[in-house]
Amino acid sequence: MPSITVKLYSVFFKMRLKNRLQSWIQTPPDESSNQEGVRTRPEEPVSASNPSFTDGIATKDIRVDPSTALSVRIFLPESALLPSERPQPKSKAEESSLKSENNGDQGYTPSGQNCRKLPIMLQFHGGGWVSGSNDSVANDSFCQRMAKLCDAIVVAVGYRLAPESKYPAAFEDGLKVLNWLGKQSNNSTGDEPWLVAHADPSRCVLLGASCGANIADYVARRTVELGKELDPVKVVAQILMYPFFLANEPTQSEIRLANTYFYDKAICLLAWQLFLPKDEFSLEHPAANPLAPNSGPPLKLMPPTLTVVAEHDWMRDQGVAYSEELRKVNVPAPLLDYKDTVHEFATLEMLLKTPQAEACAEDICIWVKKYISLGCHEFSY
């Protein structure tokens, strides 16, 4: 069972989130007053970017679409540099001093000669459509962990949040960033030097946590439909961490765990009401249920899909069912089921250092390296 600390924190977390969601439903924000949308909430702590390598990672924020709030944070691991270019190891005190001094620093600039190419992990954060951000303290820590373990460039997407931007805004943002990544790989069209120098778009992995998993799965479906139109980007695999999937037919986990930790059923339904347009609200909406009729291309065309589920998550069985359906049509689709865990157990700030969170990140990287190691990926769209 989750610890007493987790249980207590969950009570206050749910109380605060439920009050916020109910207030938005009672008094919806004026969408016309903020046409760009929002990608973060002022009350949620964020981590500043650091374009110089400290603790093995350099980070940079990029505005992808000047007409909206859509942005990305790039996590570049030091392994992208040639050995002769890598900074000398520093003490913790020196690294801390560098972090405070790097405000405004241009940081790392690629030399342009013999740069090492790394796979791309396109990451979508959770937060129930209405909260979270790509530069939150928790997401920043998680993405740094994944960049180091997987030896990959992580591109965390700051998609537009509901209720200011309803469906399909977040889904469209995910696909827009994938198209943007394709342009960055070309010296003539790319304007982001880190990606031009170091990104290999032919080895692209999608990773989504909670509602971010729904975005990742949508983007994967669109890559199947678009095919070569996305060249040179090729999606070789996707990772769905405790997906935010729903359906009309209640599952055993839904019945047993409806009032579970952090994101219980009542809170999730409020979040879906804020995300979907009023005339489209349905638990069988393609955004909520990937197994609903007319949800997209045949499942047999989907990329290899790793699904992560948590024992004490009321949406657990929906993720299990999707993984099973993929395996029925011979898609490589393993399931990682973690005991004594809750929804977002590997991405919530207070749980990032738990053994389960650390093991989950390592397990993901072991699996995904089969598809992103040079010469090893046999599937792509």
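Predicted model: local features only at pLDDT ≥ 70, side-chain atom pairs only at ≥ 80, totals over all residues.
Me: Which residues make the contact of α3 with α10?

Reply: R145, M146, L149 and C150 of α3 meet A357, E358, A361, E362, I364, C365, V368, K369 and I372 of α10, where contact means heavy atoms within 4.5 Å. By class, nine of these residues are nonpolar, none polar and four charged. Ala, Val, Leu, Ile, Met, Phe, Trp, Tyr, Cys and Pro count as nonpolar, Asp, Glu, Lys and Arg as charged, and the others, Gly among them, as polar.

Me: What makes α1 roughly parallel to α8?

Reply: Helix α1 (residues 4-26) and helix α8 (residues 265-275) pack at an angle of about 30°, their axes 10 Å apart. That value falls under 35 degrees, so α1 is roughly parallel to α8. The crossing of α1 and α8 is left-handed: the near helix is turned anticlockwise from the far one by less than a right angle, whereas clockwise would be right-handed. The contact includes L17, L21 and W24 of α1 and I267 and L270 of α8.

Me: Why are α4 and α6 oblique to each other?

Reply: Helix α4 (residues 169-184) and helix α6 (residues 211-226) have axes that come within 9 Å and cross at roughly 55°. By this angle α4 and α6 are therefore oblique, and their crossing is right-handed. Among the residues that meet are F171 and L175 in α4 and I215 and Y218 in α6. The contact of α4 with α6 has eight nonpolar, three polar and one charged residues.

Me: Why does E164 count as buried?

Reply: E164 has 13% relative accessibility, and buried means under 20% relative accessible area (exposed over 50%, partly exposed in between; 1.4 Å probe, protein chains only). E164 therefore counts as buried. E164 is placed in the loop between β4 (153-158) and α4. Its side chain makes a polar contact with the side chain of R41 at 2.8 Å. Such a contact is a pair of N or O atoms within 3.5 Å; within protein, one must be able to donate a hydrogen and the other to accept it, and residues adjacent in sequence count only if both atoms are side-chain atoms.

Me: Why is D151 called partly exposed?

Reply: The relative accessible area of D151 is 22%, so D151 is partly exposed. D151 lies in the loop between α3 and β4 and has a positive phi of about 55° although it is not a glycine.

Me: What makes S210 buried?

Reply: S210 has 0% relative accessibility and therefore counts as buried. S210 lies in the loop between β5 (199-209) and α6, and its phi is near 60°, a positive value in a residue other than glycine.

Definitions and conventions. Residues numbered from 1 in each chain as written. Heavy atoms only, no water. Axes fitted to C-alpha atoms, helices over the stretch in contact; angles between N-to-C directions. Helix = DSSP H or I, 4+ residues; strand = E, 2+ residues; numbered from the N terminus. Parallel < 35°, antiparallel > 145°, perpendicular 65-115°, else oblique.
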